[in-house]
Amino acid sequence: MNRSSRRGPPNIAGLYSVKVDNIPYKTTPDELRETFERFGDVGDVYIPRDRFTRKSRGFAFVRFVNKHDAQDSVQGLDGAILKGREVRCQMAYGLPQIRGLVARSRSPRRRNDPSPIARHRSYSPEWDSDFSDD
């Protein structure tokens, strides 16, 4: 599949996400959809993959149309065995951040201060005297 034929991310506005941890690495989105659809309408299933190996990272997001269906699936499937593994389910609040869209700095001062302060190394008097030639 080349980049030009890829679809963009699905519109998940208005959907309620359930994070499913410890899924088997070979689980497909269709298998998760089938497992979770018994609790209600599933709008989307997303299994994050490693960017280099393209292998599953061992967790997924199942997005429901109805909030109560999502909550019911958490209660019904948290601790359930899926393909020999005990999965953990919890409601996922907030949107995942897509790398590159939000620029951030590690230092709040650098991000917010329009006039950066020059940094200087400070020396202790004892350190300077230990290395002097007298």
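In which helix does D30 lie? D30 belongs to helix α1 of this model, which is a predicted one.

## Residue D30

D30 counts as exposed because its relative accessibility is 58%, and the cut-off for that class is over 50%. In space, the C-alpha atom of D30 is 8.0 Å from that of V45, although 15 residues separate the two in sequence.

## Overall architecture

The protein contains four helices and six strands.

Of the 134 residues in the protein, 26% are buried. Among contacts with a separation of 6 or more, 61% are accounted for by residues 24 or more positions apart.

## The nonpolar core

The largest nonpolar core comprises 19 residues. Those with the most contacts inside this core are V18, V20, L32, F36, F64 and C89. Two or more residues come from each of the following elements: strands β1 (16–21), β2 (42–46), β3 (59–64) and β6 (88–92), together with helices α1 (29–36) and α2 (67–77).

V18 illustrates how residues from separate parts of the sequence meet. Once its neighbours within four places in sequence are set aside, V18 is in contact with F36, with A60, F61, V62 and F64, with A70, S73 and V74, and with C89, Q90, M91 and A92.

## Aromatic rings and a lysine

Two aromatic pairs are present in the structure. One of them joins F59 and F61 in an edge-to-face arrangement, with ring centres 5.9 Å apart and planes at 85° to each other. Both F59 and F61 are buried.

F59 also takes part in an interaction with a charged group: the charged end of K19 sits over the F59 ring, 4.9 Å from its centre.

## Residue K67

K67 is found in helix α2. K67 is classed as partly exposed because its relative accessible area is 36%, a value that falls between the limits of 20% for buried and 50% for exposed residues. Along the chain, K67 and Y16 are 51 residues apart, yet their C-alpha atoms are separated by 5.6 Å.

Key
Residues numbered from 1 in each chain as written. Predicted model: local features only at pLDDT ≥ 70, side-chain atom pairs only at ≥ 80, totals over all residues. Heavy atoms only, no water. Core = buried A, V, L, I, M, F, W, Y, C linked by side-chain atoms within 4.5 Å. Buried < 20%, exposed > 50% of the residue type's maximum accessible area, 1.4 Å probe, protein only. Contact = heavy atoms within 4.5 Å. Phe/Tyr/Trp six-rings, centres within 6.5 Å; stacked < 30°, edge-to-face > 60°. Lys NZ or Arg CZ within 6 Å of the ring centre and 35° of its normal.
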